[in-house]
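Dear colleague,

Here is the structure I promised to pass on. Please open it alongside this note. My findings follow below it.

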Amino acid sequence: MTIRILLAVAGLLLLTLAADHLVLGASQLAHRLRIRPVVVGVVVIGLGTSAPELLVSGVAAARGDTSIALGNITGSNILNLTMVLGVAALVAKVTVRSTVVYREARLAVSAVVLFGLLAWTGLTVVTGAVLLLAAAGALWLLVRWAGGGQAHTLLGDVVDHVDGDAITRDDPGGHTDPAQRQLPAWSEPVRTVLGLAGVLAGAQLLVVNAAAIATDLGVPQLVIGITLVAVGTSLPELVTTIQAQRHGESDLLVGNLFGSNLFNSLVGGAVIAFAAPTSVPGTNIALVVVMSLTALTAWALLRRSFSLTRREGSVLLAAYVLTMPLLL
């Protein structure tokens with residue numbers, strides 16, 4: 001048992017570290033290939049930060065551990081908009097633009113509700129195709145909004161504030177960061193491939209040992225998915241959120257959390273459906289309701305005054321603390 005716990009923790013650490021390098025390497029590679037920054041923001045960064053959830057759920061579903069897969073996605077969605085967003089509001093007041101609330105956040109909430117309804121009925125190849133089409137539509141909308149010629153869009157913020165290792169930009173004088181010039185051209189693809197390999201290895205370690213721990217303790221796999229696995233795969237979002245809030249980038253952290261939920265729900269749900277199309281049962285209705293309500297509550301709080309105070313952050317944290325025992 002002790003060895004399995006240590007291996008699961010090692011998987012979590014590897015997953016978190018490798019996911020960071022996967023995003024940074026892929027972003028820098030995309031920049032060198034002169035791919036449009038908005039595409040980098042939507043596809044590379046948006047999907048990349050959700051890589052732990054997507055790969056862990058895919059590996060779990062392929063192994064037949066569908067309860068862990070569903071618990072991971074639903075648990076991460078709940079945690080992102082309660083505990084993580086609540087912690088951000090406790091660090092400092094969260095203030096966002098109205099366009100973020102009415103466009104990107106609303107789209108993410110719709111994605112969560114759609115995934116919840118389909119997960120409740122049971123994920124099949126057909127529902128997986130619906131989620132995949134919805135993901136394609138969401139990507140198209142995000143790219144269209146970000147490329148609409150506005151100087152300040154949510155995805156523009158994401159691209160502009162990504163780690164300097166990820167995207168190199170020329171300054172107004174036409175000079176490039178000297179540190180970036182010293183990086184050899186082969187470093188980005190190597191970093192990206194190693195990051196992907198690390199995420200896959202970490203996901204495998206985490207899922208295999210988490211499932212074994214659940215069996216040994218007689219704990220339902222869904223519980224392990226909602227707690228241990230969901231918290232582990234949400235660590236990148238938590239770290240990114242705290243750093244963004246410390247630098248006063250509220251739009252970035254809100255976009256990161258709602259965007260993560262969007263990709264978790266649509267792409268993650270499709271991955272589970274296609275990985276195990278005949279063995280994914282309908283998930284617990286209480287879990288679906290809680291996941292949908294947390295998304296709607298976070299969106300409603302932001303919509304009231306386009307901000308979150310410390311008091312409202314405490315409400316979100318309390319919601320997480322109170323709902324977890326009920327679900328478990």
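Predicted model: local features only at pLDDT ≥ 70, side-chain atom pairs only at ≥ 80, totals over all residues.

Two helices, helix 5 (98–121) and helix 13 (285–305), each supply at least two residues of a nonpolar patch. The patch lies on the surface and consists of L117, W120, I285, V289, L293 and L296. Together these residues have about 530 Å² of accessible area. Which helix gives the most to the patch? Helix 13 does, with 4 residues.

One of the patch residues is I285. I285 sits in helix 13. Its relative accessibility is 40%, so I285 counts as partly exposed; the cut-offs for that class are 20% and 50%.

Next, please look at F306. F306 is in the loop between helix 13 and strand 2 (307–308). Its phi is positive, about 55°, although F306 is not a glycine. Is F306 buried, partly exposed or exposed? With a relative accessible area of 24%, F306 is partly exposed, because buried means under 20%.

Now the chain as a whole. The chain has 14 helices and 2 strands. It runs to 328 residues, and 51% of them count as buried. Its accessible surface comes to about 14,100 Å². Carbon and sulfur atoms account for 68% of that surface. As for contacts, take those in the chain with a separation of 6 or more: 85% of them are between residues 24 or more positions apart.

Best regards

Notes: Residues numbered from 1 in each chain as written. Heavy atoms only, no water. Patch = residues over 30% accessible without salt bridge, like charges linked within 9 Å, V, L, I, M, F, W, Y side chains within 5 Å. Areas by Shrake-Rupley, 256 points an atom, 1.4 Å probe, with all protein chains shown as cover. Salt bridge = Lys/Arg side-chain N within 4 Å of Asp/Glu carboxyl O. Buried < 20%, exposed > 50% of the residue type's maximum accessible area, 1.4 Å probe, protein only. Contact = heavy atoms within 4.5 Å.
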